[in-house]
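Welcome! Please take a moment to look over the sequence and the model below.

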Amino acid sequence: MSTLIKSLAGLGLGAALTLTAGTAMAAGGHGCGTFTNAEGVEEHLACSTAPIDFTNKGSLQNGAKIFMNYCAGCHSAKYVRHSRIAKDLEIPPELVEKYLMVTTDQIGDHITAEIDPEIQASWFGAAPPDLSLETRLRGDDWVYTYLLSFYEDPSRPWGANNLVLANAAMPHVLHNMQEELSQEEFESEVGDLVNFMAWMGEPARHDRQVIGFFVILFLLVLLIPVYLLNKEFWKDVK
Ligand code: HEC
C-alpha cells in the first residue's frame, strides 16, 4: 500500500492536496495572541504560516536533528519511537543511533525528556509539556509563530519573553541559533523543526490527504456508470 501511495504522490498530485487540511485547524482560528506594544496599545498578532511539506525528507531530517538537540533535553515526545523516525524519514538506523538518540540507547524506545519534567516544573514554574501532539493541539502555525516570537525581556527569569505565550516559562533555547543566522535562515530552520513536529503529530497526514483525494476522485468517476445505469433501469418504467 505504501508503495502505491508513494507512486501516486510521485505524480505530483500530493502538492495540490497539502493545501487543504493543514491550514484549517491552525490555532482554531484564534490568531496567535495579543500583546501590548511600546505605546501601550494592545495589538493582535497574526500567525505566520508554517512551511509544512512531508515530501521534503531533507526538511524533516533537519527538523528531527534540531528537535533532538534543542528540545528533547526538556520535552518528551512519548508517542514517537526513534525507529519510526528512521523508517519514515529515511534515515539509516545507525545514523539515528549515533546522532539522534540523545536520551536512550534502544532504537525502539519512545522519545523521553533528558531531564524529568517533574523536576523541571520546580525550576521553570511549569513542566515542559509532551510535544508529540503539540501541533494538533495548537496548530502548526501557532507553534511556528511561538518559536519565532521570543524577545529579550530582562524582567523575566531567563531574560526572554514571548509574544504568543506571554510570560512563557520556557527559555529562548534557540537564541544562539537566531544570533548566528540571518532572519531568513532562522525561519527556515524553525520551519523544518515545525515540519518535523507536524509529522510527529500525525505521521500519516500526507498519506491520508493523498488517499482522500483518490477516494473522492474514484467516487466521482463511479458516478458516471451509476448515473447511466440508473437511466437504463428506469427508462421502461417511466
Ligand atoms: C530548558 C528547558 C526547555 C527546552 C530546552 C525547551 N523547552 Fe519548550 N517549554 C519549556 C517549558 C518549561 C514550557 C512551559 C511554558 C509555559 O507553560 O509557560 C515549554 C513550553 C513549550 C511550548 C508551548 C506548549 C503549550 O502549548 O503551551 C512549545 C510549543 C515548546 N515548549 C516547544 C519547544 C521546542 C520546539 C523546543 C526546542 C527548540 C523547546 N520547547 C525546548 C521548557 C523547555
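## A word on burial

A residue is called buried if 20 or more other C-beta atoms lie within 10 Å of its own, exposed if 12 or fewer, and partly exposed in between. Please also keep in mind that this is a predicted model.

## The overall picture

Let us start with the whole protein. Its secondary structure comes to 10 helices and 6 strands. The protein has 238 residues, and 27% of them count as buried. If you take the contacts between residues at least 6 apart in sequence, 68% of them join residues at least 24 apart.

## Two loop residues with positive phi

Glu90 sits in the loop that links helix 3 (82–88) to helix 4 (93–100). Its phi is near 55 degrees, a positive value in a residue other than glycine. Is Glu90 buried or exposed? There are 11 other C-beta atoms within 10 Å of Glu90, and 12 or fewer is the limit for exposed, so Glu90 is exposed.

You will find Asn167 in the loop between strand 6 (160–162) and helix 8 (175–180). Asn167 counts as exposed because it has 12 C-beta neighbours inside 10 Å.

## Around the ligand

Now turn to the ligand, which is surrounded by 23 residues. The closest are Cys71, Cys74, Pro128, Ala169 and Met170. By class, the shell around the ligand divides into 19 nonpolar, 2 polar and 2 charged residues.

Which helices each supply at least two residues of this shell? They are helix 2 (57–71), helix 6 (134–138) and helix 7 (140–148). Helix 7 gives the most, with 3 residues.

Helix 7 is mostly covered, as 9 of its 9 residues are buried. Its buried residues are Asp140, Asp141, Trp142, Val143, Tyr144, Thr145, Tyr146, Leu147 and Leu148. Setting aside neighbours within four places in sequence, Leu147 is in contact with Leu174, Val190, Leu193 and Val194.

In soluble globular proteins, nonpolar side chains tend to be buried together.

## Where helix 2 meets helix 9

How do helix 2 and helix 9 (residues 183–201) lie relative to each other? Their axes come within 7 Å and cross at roughly 90 degrees. Angles of 65 to 115 degrees count as roughly perpendicular, and the two helices are therefore roughly perpendicular to each other.

On the helix 2 side, the contact is made by Ser59, Leu60, Asn62, Gly63, Ala64, Ile66 and Phe67. Helix 9 brings Glu189, Asp192, Leu193, Asn195, Phe196, Met197 and Trp199. By class, this contact has 8 nonpolar, 4 polar and 2 charged residues.

Ala121 is placed in helix 5, while Ala127 is in the loop between helix 5 (117–124) and helix 6. Ala121 counts as partly exposed because it has 13 C-beta neighbours inside 10 Å. Ala127 has 18 other C-beta atoms within 10 Å, so it is partly exposed. Leaving out residues up to four places away in sequence, Ala121 touches Ala126 and Ala127.

How far apart are the C-alpha atoms of Ala127 and Ala169, and of Ala121 and Ala169? Ala127 and Ala169 are 42 residues apart along the chain, with their C-alpha atoms separated by 8.6 Å. Ala121 and Ala169 are 48 residues apart in sequence and 9.4 Å apart in space, C-alpha to C-alpha.

Ala168 lies in the loop between strand 6 and helix 8. With 19 other C-beta atoms within 10 Å, Ala168 is partly exposed. Neighbours within four places in sequence aside, Ala168 is in contact with Asn161 and Asn162. Ala168 and Arg156 are 12 residues apart in sequence, and their C-alpha atoms are 9.1 Å apart in space.

Key
Residues are numbered from 1 along each chain as its sequence is written. This is a predicted model: local features need pLDDT of at least 70, side-chain atom pairs count only at pLDDT 80 or more; totals for chains, interfaces and linings use all residues. Helices (H or I, at least four residues) and strands (E, at least two) are DSSP runs, numbered from the N terminus. Two residues are in contact if their C-beta atoms, placed from the backbone, lie within 7 Å. A residue is near a molecule or strand if its C-beta atom, placed from the backbone, lies within 6 Å of it. Ala, Val, Leu, Ile, Met, Phe, Trp, Tyr, Cys and Pro count as nonpolar, Asp, Glu, Lys and Arg as charged, and the others, Gly among them, as polar. Axes are lines fitted to C-alpha atoms, for helices over the stretch in contact, and angles run from 0 to 180 degrees between N-to-C directions. Angles under 35 degrees count as roughly parallel, over 145 as roughly antiparallel, 65 to 115 as roughly perpendicular and the rest as oblique.
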